[in-house]
Amino acid sequence: MTLLKTLVLAGTALAFAAGAASAQDTDAGKDWSTVVIGTEGAYPPFNFLDASGQLQGFDVDVAKALCEQMKVTCTFVTQDWDGMIPALQNGNFDALIASMSITPEREEQIAFTDKYYQTPPAIAVPKDSDIAEPTAAALDGKVIGAQTATTHLQAAESLFPDAEVRPYPTAEEYKLDIDSGRVDAVVDDVVVLSEWLKSDAGACCKLLGTLPADSAIYGKGIGIGLRKGDEKLRTMFNEAIQAIRANGKYKEVQDKYFDFDVYGS
Amino acid sequence: MKNALDPPLAATPPDVLPRRRPGFAGVLALGAWLLAGLSLVAYLAAAWNPDLLARYAPIYLSGLWTTIQLVAISFVAGALISVPVALGRGSKGFVQRDLSTAYVVLFRGTPFIAQLFLIYYGFGQFRDFFETIGLWGFFREPWYCAIFALALNTAAYQAEILRGAVASVPKGQWEGAKSLGLSRLTTLRKVILPQAAIVALRPYTNEVILMVKASAIVAIITVYDLLGETRRAYSRTFDFQTYIWAAILYLLIVELLRHATNFAERRLTRHLRR
């Protein structure tokens with residue numbers, strides 16, 4: 001092979017790669033009778049694996065209700081939080097139902113349905129903590145734990161600029177570390193924190209208060225992530241969300257987990 | 001048995017080998033690499049984003065610095081721990097031998113991620129105990145736990161490198177030195193270690209290279225090194241070039257190490273050149 005041939009080949013491959021990237025993908029002709037749903041499985045009570053390894057949680061039950069409403073067969077796969085968006089883009093699954101906030105940065109990469117719930121972030125501290133209120137001054141010099149690559153981590157960094165914010169791989173690890181006293185406070189969704197504080201594992205700590213949900217960070221609530229161009233599927237999900245909101249199915253699922261309205265206003 | 005005084009293979013200048021035209025498979029392989037390299041450069045040129053660079057370059061550099069510190073400190077600490085372990089492995093006393101063998105088997109036989117998790121989160125469950133013995137101040141900090149775990153891990157590998165290298169020096173060298181009236185320590189320092197160093201150099205470089213990459217695991221205990229910062233940058237931008245920049249920085253580190261090793265080898269083997 002000559003150098004020229006190699007270069008021509010390289011050029012062709014590049015052109016091909018560029019073409020594939022910019023092609024307007026559309027799912028108009030696609031038959032969505034089966035949908036693969038990706039979730040994290042480590043974010044109770046929204047999505048988690050129970051003792052027998054089955055996926056449970058609000059996200060999972062909402063997903064099942066939506067699938068039933070759309071009359072499609074759904075299968076579930078779990079995926080680490082960090083790799084969620086690339087996995088969706090690579091086609092490992094078709095819909096991402098994992099309590100993901102609809103943010104401008106994420107919207108550049110993937111499409112979102114309308115929100116299916118919206119709850120504020122909150123901060124929890126050990127019961128004997130000297131932190132009296134969730135303000136920047138009270139958290140000055142303290143160590144805050146949050147899950148890596150989440151909106152809550154960004155919120156913690158922006159609300160408490162003088163604190164040290166440590167990024168944990170999942171919620172499980174920051175819970176271990178507030179228990180052992182390595183972090184002074186943790187920031188996460190109010191529901192996630194409340195559920196944990198109610199359990200034996202959360203006996204160490206108390207809720208200090210909810211935090212303002214800055215829309216620049218939190219966007220428009222929690223939505224279902226889809227590949228850009230899958231407009232037909234997006235319409236199907238949006239209609240199904242409205243339908244289960246209207247027919248009481250959503251409330252049924254919500255009441256199984258929470259005693260308040262998680263949909264938000 | 002191969003005599004350690006024979007010049008090692010790498011000391012042979014490559015240009016004495018007869019030059020051959022590359023075969024078809026070689027050209028194909030080379031073409032594929034060339035293609036990959038060109039695509040990468042083209043991709044980076046197309047995705048060139050000064051804002052991204054201005055925003056994340058300092059973060060990358062601080063991550064790089066964290067990686068370098070972590071590897072350098074743990075490697076040296078591991079080297080210190082590896083000396084008694086290597087001595088124990090070669091010892092005739094079976095308490096020393098069994099203890100150091102158990103240490104090596106344990107740390108080489110289990111994944112580093114498990115060791116790190118147990119040392120950090122596991123020890124965290126026994127806070128009262130560590131407070132009583134006054135070590136909580138050490139184990140409470142993720143940074144110290146990361147160094148502690150990485151040093152213990154690399155010590156097991158380094159002990160094996162050290163033991164193998166010392167054992168590769170023929171017994172006659174010890175006997176010859178003894179007949180000249182040299183003390184054991186002088187023999188070790190002036191006769192055995194310089195020869196063992198030639199054998200150990202490449203495995204040590206391998207170990208550092210593996211550590212540079214294994215150190216990325218410390219992100220699970222919230223220490224953000226080069227890869228940790230990359231993941232953070234990616235989670236903000238969802239731009240794949242964040243990973244490409246990290247790959248380039250890792251490649252630079254490894255290339256520097258490779259050249260430093262070649263230089264060190266030339267120095268260590270200068271008496272073997274004719």
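## Confidence of the model

The structure is a predicted model, and its overall scores are ipTM 0.75 and pTM 0.79. For chain A the mean pLDDT is 88, with 90% of the residues reaching 70 or more. Chain B has an average pLDDT of 89, and 94% of its residues score at least 70.

Among the elements of chain B, helix H7 (residues 142-168) of chain B has the highest mean pLDDT, 95, whereas helix H10 (residues 226-237) of chain B has the lowest, 87.

## The two domains of chain A

Chain A is divided into two domains. Domain 1 of chain A is made of residues 30-118 together with residues 221-257, and domain 2 of chain A covers residues 121-217. The C-alpha centres of these two domains of chain A are 26 Å apart.

Where the domains of chain A meet, 14 residues of domain 1 are in contact with 17 residues of domain 2. The area buried between domain 1 and domain 2 of chain A is about 1100 Å², and carbon and sulfur atoms give 51% of that area. Between these domains of chain A there are zero salt bridges, but four residue pairs are in polar contact across the interface, both residues of each pair being at pLDDT 80 or more. On the side of domain 1 of chain A that touches domain 2, the elements that give two or more residues are strand E2 (42-43) and helix H4 (104-109) of chain A. By class, that side of domain 1 of chain A has nine nonpolar, two polar and three charged residues.

## Chain B

Chain B contains eleven helices and zero strands. Its pattern along the sequence is accordingly written α-α-α-α-α-α-α-α-α-α-α. The C-alpha trace of chain B spans about 70 × 70 × 30 Å along its principal axes.

## The interface of chain A and chain B

In one salt bridge, A:Arg166 pairs with B:Glu141, and the closest N and O atoms are 3.7 Å apart. The count of residue pairs in polar contact between chain A and chain B is eleven, with both residues at pLDDT 80 or more.

## Salt bridges

Over all chains, the whole structure holds 22 salt bridges. Within chain A, the side chains of A:Lys142 and A:Asp130 form a salt bridge, with an N to O distance of 3.3 Å. Both A:Lys142 and A:Asp130 lie in the loop between strand E8 (121-126) and strand E9 (143-147) of chain A, so the pair ties together parts that are twelve residues apart in sequence.

## Backbone features of chain A

Most residues other than glycine have a negative phi, and most peptide bonds are trans.

The peptide bond that joins A:Pro44 and A:Pro45 is cis, with omega about 5°. A:Pro45 is placed in the loop between E2 and strand E3 (47-49) of chain A. A:Ala149 has a phi near 60°, which is a positive value in a residue other than glycine. This residue, A:Ala149, is found in the loop between strand E9 (143-147) and H5 of chain A.

Key. Residues are numbered from 1 along each chain as its sequence is written. Chains are lettered from A and ligands numbered from 1 in the order in which they are written. Side-chain values use heavy atoms; hydrogens and water are left out. Domain bounds come from an automatic or database domain assignment. Contact means heavy atoms within 4.5 Å. Buried area is the accessible area (1.4 Å probe) that two parts lose on being put together, summed over both. A salt bridge is a side-chain nitrogen of Lys or Arg within 4 Å of a carboxyl oxygen of Asp or Glu. A polar contact is a pair of N or O atoms within 3.5 Å; within protein, one must be able to donate a hydrogen and the other to accept it, and residues adjacent in sequence count only if both atoms are side-chain atoms. Helices (H or I, at least four residues) and strands (E, at least two) are DSSP runs, numbered from the N terminus. Ala, Val, Leu, Ile, Met, Phe, Trp, Tyr, Cys and Pro count as nonpolar, Asp, Glu, Lys and Arg as charged, and the others, Gly among them, as polar. pLDDT is the predictor's confidence in each residue, from 0 to 100.
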